[in-house]
Amino acid sequence: MPRLELGSWIQSGVDFLRDHFEWLFDFIAKVVQGMYDGVHDVLAAPDPLLLAGILAVLAWWLRGLVPAVLAFAGFALIDSIQQWDEAMETLSLVLVAGAITIVLAVPLGIWASRNRAVSAVLRPVLDFMQTMPAFVYLIPGIFFFGVGVVPGVIATIVFSMPPGVRMTELGIRQVDAELVEAADAFGTTPRRTLLRVQLPLALPTIMAGVNQAIMLALSMVVIAGMVGGGGLGSSVFEAISSVDVALGFEGGIAVVILAMYLDRMTGALNQRVSPLGRRALAKQAARATGGLKVLHWRPATSVAMVGVVVLALVAGGLNIFGGDDSGQKVTADVGKGRTVNLGYINWDEGVASTYLWKEILEQRGFKPKLQTYDVGALFTGMAAGDVDMQTDAWLPATHASYWKQYKNQLEDLGTWYDKTSLEVAVPSYVKGVKTLDDLKGKGGTFKGKIIGIEPGAGEMKLMKDKVLPDYDLNGEYNLVKGSTAGMLSQLERSYAKKEPVAVTLWSPHWAYSKYKLTKLEDPKGAFGKGDGIHAIARKGFSAKEPQIAQWMKDFKLSEKQLTSLEAAIQDAGKGKQQDGVRAWLKQNPGLVDKLAPAGDAGAKKGKQAGAAPRIGYFPWDEDVATTYLWKNVLEKRGYKPSIKQYDVGSMFTGMSAGQIDVEFDGWLPNAQKQYWDRYKKNLVDIGPWYDKTSLEIAVPSYVKDVKSLADLKGKAGMFKGKIIGIEPGTGEMQLLNSKVLKAYGLDKEYQVTNNASPAMLAQLQRSYAKKEPVAVVLWTPHWAYNKYELTKLADPKKAFGANNEIRSLGHKSFPDKFPEFHGWLKNWHMTEQELASLEQSVQEAGKGNVEEGVQKWIDAHPGIVDKMAPVKS
Amino acid sequence: MSRLQAEHLYKVFGRRPNEAVARLQDGAGRDELRADGTTAAVIDASFAVEAGQIFVVMGLSGSGKSTLLRMLNGLLEPTAGRVLFDGQDLTALSPRELRQVRSHKISMVFQHFALFPHRSVLENAAYGLEVQGVAREERDRRATEALGLVGLAGWENSWPDELSGGMQQRVGLARALATDADLLLMDESFSALDPLIRRDMQDQLLELQKRLKKTIVFITHDLNEAMRLGDSIAVMRDGRIVQIGTAEDILVTPANDYVASFTQDVDRSRVLTAGAIMADPEEALGTTTPDGTVLRTERDVLEAAPATVTADTPIVELFTPCSRSGVAVAVTDEDESLIGVVPRARLLAVLGEPDPGADGAAPQEGRKTAGAAVAKTSGATDAPDAPEAPEGKVIAGA
C-alpha cells in the first residue's frame, strides 16, 4: 500500500488556514475571550456563599425546596474544599461554550428539519464531530487560538454541538404532522408555524438536546484544562500529572457537583420554558397536599427573580462597601483569607500584642480568630492544635511548668520582649518602702495584705513558694488571691484615697504609666531573672504559615512601644481594643510594614514593578520549584507574574505565539532540541542557569551488578523487559528510543513504557518499597536521588549525548518587554545544592503548599532575593 | 352558479406527474402507473357543490378522498384541473393569496382533531382568528361564541387533553366555525369517535347546519353517515368518482355493482322513503280488502289504507301498518290527494335486495356479483366498525 500522507495534508491545510486567516481567528478569539471575561467577572465577583445562595434560589424556582438546599450545600462544599475559583472559571467556560453552542445548534437543527438535503449533509459531519476523540480538537485549537480559554471553548463547542443539532431536528420532525397541517389549513405562514407550533411542541426534545450539549461541554471543559483552559480542568490535570489523589478527588467532586446542578437545572428549565411543562408542573402542585406542598412549592418566576436580584444587589453592595464596613483594608494579601486561631490570656500585654497581631494579620489578608483562655487551657488548647498561636508566654520562669509539660507539641517562635520583671509595687506616696526588705515590719501599714492576682498565675506561685519565705514575710502578710482586674481596681481605689497598698505587678504594665508606683527591688533575686515574653505556636504552624512564623520571629517591641500600646487600648475602653490598636498604629506609621513585611512591602521594588510576565512551567519538579521561586521573587519586586502549567508541546506553541513570555526549563541542546529547532525563530534563549544536568536510566542500588547501561543486556527477565519511561513527547524518551537502546543493543530486549513522570515515580516508589528490580528513565537534578538510593547507570558510549544545560527561554519580545527581568535571568545561576534543597523544601511542604515551601527556602537563604533580582537603590 | 366546483382534478404522486396525467387521460389504468412507481391518487374528479349543501365524499381508505379534499383548499396542489370557489380559481393563486383564502374563507376539521396541545380550549378555538390578525378581545369573544355553538360553554380554560374525544372534536369544529369561513372541509371528522358520540355529533352538525347554512364538504368511509348527512354524495373508488347523487339515488339506482355492494349493509328502511318506492295509485284499484270490499276509487283506497303517509316518510314507518292489513299504504301530497300506494309485497321486495330492475341488469348474474362484492367489502372495509355494526344499526334506528 502506498502511504497516504493524510495527516500531513491536514497539517498543511491547518498551517495554511493559520497563516491566511489569522485576522479571523484573532477576531473569534477576541470575541470568545471577551464573553468569557464578562461572564467570569460576574460569577467571580460575589462572595462564594452569596452566589451559592443565588444559585440555590434558581434551583428553588426550577425544582423546589429540597434541590435548592442540596444545591446550596453542594456549592458550599466546593467553597470549603477551595475549588470555588476554579469552579467559577469552569462554570463560565461552560456557560459561554454552551450559549454559543445553542445559538449555532438550534438554527442548524431547524434548518435540517426543514430541508432534507441539509439534513443529509449535516449527518456525517455531526457523526465526525461526535466520534473524533475530543483531545484531537485541542491541537488545531491551539494552533488557531493559542493556549488558554479560547481553544478550550472552541473545542468544547465542536464537541457539544452534535446533540444540540440532532435533538432540535428530531424534536421538530416529531411534531404531529396533522398539527402542522392544521396550522397550514388555517393559513398560517411557515415562519409562524415554526415559531408558534413546531418550536413550542419540540421544546422538550430541544431542551433535552441543550441539556446534553451542556453536559458534554462540561466534560470537554475538563479536558480543556490541558491547554490552559483553567478551572477545575486544571485542578484535575494537575492532580493527574502529579498523581495527587487528594486534589484529584476534590477537583473531581467539584466537577460532579457542577454537573449535577447544570443537569438538573437545564432539565427543569424545560418545565418552566415550555407551555406543556408548565402545565405538568401545575398539575403536580395541585396534587401535592400538606407537607408535600411545602416541598413542592416553588416561587413564581417573578418572586424568584426578585430574590436573585436582591441577593445580587447584596453581593454588589458588599463588594462596594465591604472595605468600609469592617473599617480595615487589606494592604497586602498574603493570607488569602486563611484563618489563624489566636489564643490569649486576658493580661494587658497579652491583649495588646494579640490585638496588634489581629490587626496586622487582617491587613495582610488573614482571618485571625481571637479567643481568650486561661493559662492552662491555652497551653492545652495549643497542644491539641485548637489554637494556632499565642503571644504571651513568659519563659523560662513564669510558664515553665506548662512549657515543660507541652513543649513537644509546641514551637517557640522567639522572644518579642525581654525587659519583663515580676515585682511587688506600692504607690510612690508610700514613703520609705523601696525594696522587698522594707516591707518587713510594715504589715500594719498595708493591713497585712499583699493584693495578688489569679492563683494559677506563675507569679503567685513564685510569691508563695519563694518571695515570701525569702524575705520572711509569711505570717505578717497574707497574699490575697483574686484576679488581675480585682488587683487593679483595688490599686485604683487605694491610689485615689492615697492609702498604702502593696500589689503584685509585673513589667511591662500600663499601671506604671498611669500611676506613680515604686517597683520594690528584689536584692535577693527571689523572683528570678526576668522572663522573656515569647510567642509560641502549635507544632507544625510555622510549616503551614511560614510567613507568620517569620514575622513572629522578627517581632520586637520596646518598653515604650508596649506600654503606650497598652495605654492606648486602655483608653479606647472595653470591647474596643482593636480601635485602640488602630489609634496607636496611626501614631506609629510604617510599623505594620516593619513588623510584617509582606512581599513587596518592605522590599525594594523593581523598576518594572507592576509588569505582569506570563510564565509557563512543566509539571516537573525542578521547574515547579524554580518557577514558584521566581514568582515569589518577582512578587517581592512588585511584579505581578502569572504562572500556568503546560506540557512540552503546548508550551513551545504557546510561547512562539507570544502567549507565554518565559519559561525556565529549556533542556538544550539535546532534550528539547526538536521543539527548539521548530520554533526558535520566535523564541529567544536567555541563557543557562544550571549545567549539571544529565539524562540517564536509574535502578535502585539494591539491584546489584547493574552499574552501566551495558549491564542491562541479558537482564530483561529481571526487569520484566520493561524500562519505565516518562511522557512520550519528551526529548529524553525520543533519545532513548532512537539512539540509546540501539547503542547498547537493548531495543529487542526491553520495551520503554510511556507514562507521565509522576506515574514513573509512583512505580519507582512501589518497586522500591517491595525491593523489586526496576529500571526508570530519570534525569539529574531530581529529588528522587535524595529520597531513594539509586544507581545512575553509566553511559560509556555517550549515547545520551553531552550534558544538557537548563536554560531560560522566552518569546522573542521578552527582552524588550521585560528588560529588568531579562537581566536578572541572564545572571541567574543555581548550584546543585541550592536546587536540590529548593526541590526538597517544596517536596516537604507537600502538595498544594509549593509557595510555603519556596518561602521557607528563601527564609533559609537570606539575601537570595537580592542576589537573584538585584535592585539598585 | 355553484359555490364550489372541481373540474377534472388529477393528483399524481411520484416522478413526472404531468406525463402520468396525459397517460391517464388516454385511458391508462391506475395499476399501470403504479408499476412505474407513480401513484394516481385522484383521477379526473369533477363535481359541484351548491351553497348551503352538505356534500359527502364517500370511499374506502386509499380511494383518494382525503387527497381530493386537500386539493380543495390548496394544501395539495392539483397535478391538473381547477378548483373554483365562488368563481375564483384557487389553483392559480400565489401561496400568499392562497393562505389568505384559507384563513378567511375555508376552514377544516380533522380526523384526529389536530388540536394544539400547548394551547387552552379557548386559544385553540381562537387560532384561526389569531392567524387572521383579529385583536385579542374580539377573537376571544368570537371563539367563546363558537364554543357556545358546539355546546362547550364553560370549558374555555380547559386543556385539550382534559377533554373526551367527542368534546375535542367539538373544539375542532368550534375552531373551524369561529373564523366565519363559508366553506367547511371535514376530513373523516367523526370517524375516530365512538358510535354513540358519532351519532351525537352528526345530529349536532345537522342542527348547526340548519342555522348556519355553511357549504360543507364531508369525507367519510361510513355509508350510513354519508346517507344521514349528505344532501349529495360522491362515491369514490380507486381515485375516481364512480357516482354522484342523493342517498336514494345511490341506494335505489347504484351506478354499478361496486356501489351496489356498498349499499348492501345500509339500513334501507331508514334511508328509503315512501315516495321513492311507492307504486302508482292505479295499482291499488281493483284489489280487495280482507272483508271483501273491492277498492274502486282513490277515495276507497284512502279510506281502506291502514295508514296515510307523505312522500318523505321513511319506509320504516310503513311496516306496522302493512303488518296489520293487506291493503296498501296510501301516500299523499300536501293537498291530501293520493299520489301513490305502497303494497306489502313492494315493501318487502325493496328491503330484500338492491333493485336490479332499475337498470335492467340480468337479475341472476347481478345478484351473484353483488353477493361476492358484499362479502369482499364487509371483509375488507371498516374493520374497526365491523364488530359494532349491529349496535350501529340499533342506534341508527333510535
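**A sheet in chain B**

Author: Strands S11, S12 and S13 of chain B form, in that order, an open sheet of 3 strands with mixed pairing. Its edge strands are S11 (308-310) and S13 (338-342) of chain B, each of which pairs on one side only, and the twist from one strand to the next averages 35°. Strand S12 (residues 329-332) of chain B is joined to S13(B) in the antiparallel sense over 4 bridges, and B:Val329 has B:Val342 as its bridge partner in S13(B).

Some words about the basis are needed here. This is a predicted model, in which local features need pLDDT of at least 70 and side-chain atom pairs count only at pLDDT 80 or more, while totals for chains, interfaces and linings use all residues. Residues are numbered from 1 along each chain as its sequence is written, and chains are lettered from A and ligands numbered from 1 in the order in which they are written. Strands (E, at least two residues) and helices (H or I, at least four) are DSSP runs numbered from the N terminus, and two strands pair if DSSP finds at least two bridges between them. Angles run from 0 to 180 degrees between N-to-C directions, with axes as lines fitted to C-alpha atoms, for helices over the stretch in contact.

Chain B has another open sheet, of 6 strands, with mixed pairing and the order S6-S7-S8-S3-S9-S10. Strand S6 (106-109) and strand S10 (240-245) of chain B have a single partner strand each, so one side of each of these edge strands is left without a neighbour in the sheet. Here the twist averages 20° from one strand to the next. Within this sheet, strand S3 (residues 54-59) of chain B pairs with strand S9 (residues 232-237) of chain B in the parallel sense over 5 bridges, and B:Met58 has B:Val235 as its bridge partner in S9(B). Helix H3 (residues 65-72) of chain B packs on the sheet and touches S3, strand S7 (183-187), strand S8 (215-220) and S9 of chain B, with its direction at about 155° to that of S8(B). Contact is used here for two residues whose C-beta atoms, placed from the backbone, lie within 7 Å.

In the loop between S6 and helix H5 (121-125) of chain B lies B:Ala114, which has a positive phi of about 50° although it is not a glycine. B:Ala114 is buried, with 23 other C-beta atoms within 10 Å; a residue is called buried if 20 or more other C-beta atoms lie within 10 Å of its own, exposed if 12 or fewer, and partly exposed in between. Taken as a whole, chain B has 19 helices and 13 strands, and buried residues make up 41% of its 398 residues.

Chain B also touches chain A, with 17 residues of chain B in contact with 16 residues of chain A. Helix H4 (95-104) and helix H6 (127-132) of chain B each supply at least two residues to that side of chain B, and the largest share, 4 residues, comes from H4(B). The side of chain B that touches chain A divides into 9 nonpolar, 6 polar and 2 charged residues, where Ala, Val, Leu, Ile, Met, Phe, Trp, Tyr, Cys and Pro count as nonpolar, Asp, Glu, Lys and Arg as charged, and the others, Gly among them, as polar.

Strand S13 (residues 662-668) of chain A is joined to S20(A) by 5 bridges and runs antiparallel to it, while strand S14 (residues 683-690) of chain A pairs with S20(A) in the antiparallel sense over 6 bridges. A:Arg807 in S20(A) is the bridge partner of A:Gly666, and A:Arg807 is likewise the bridge partner of A:Pro688.

A:Asp705 has a positive phi of about 70° although it is not a glycine, and its place is in the loop between strand S15 (694-700) and strand S16 (722-724) of chain A.
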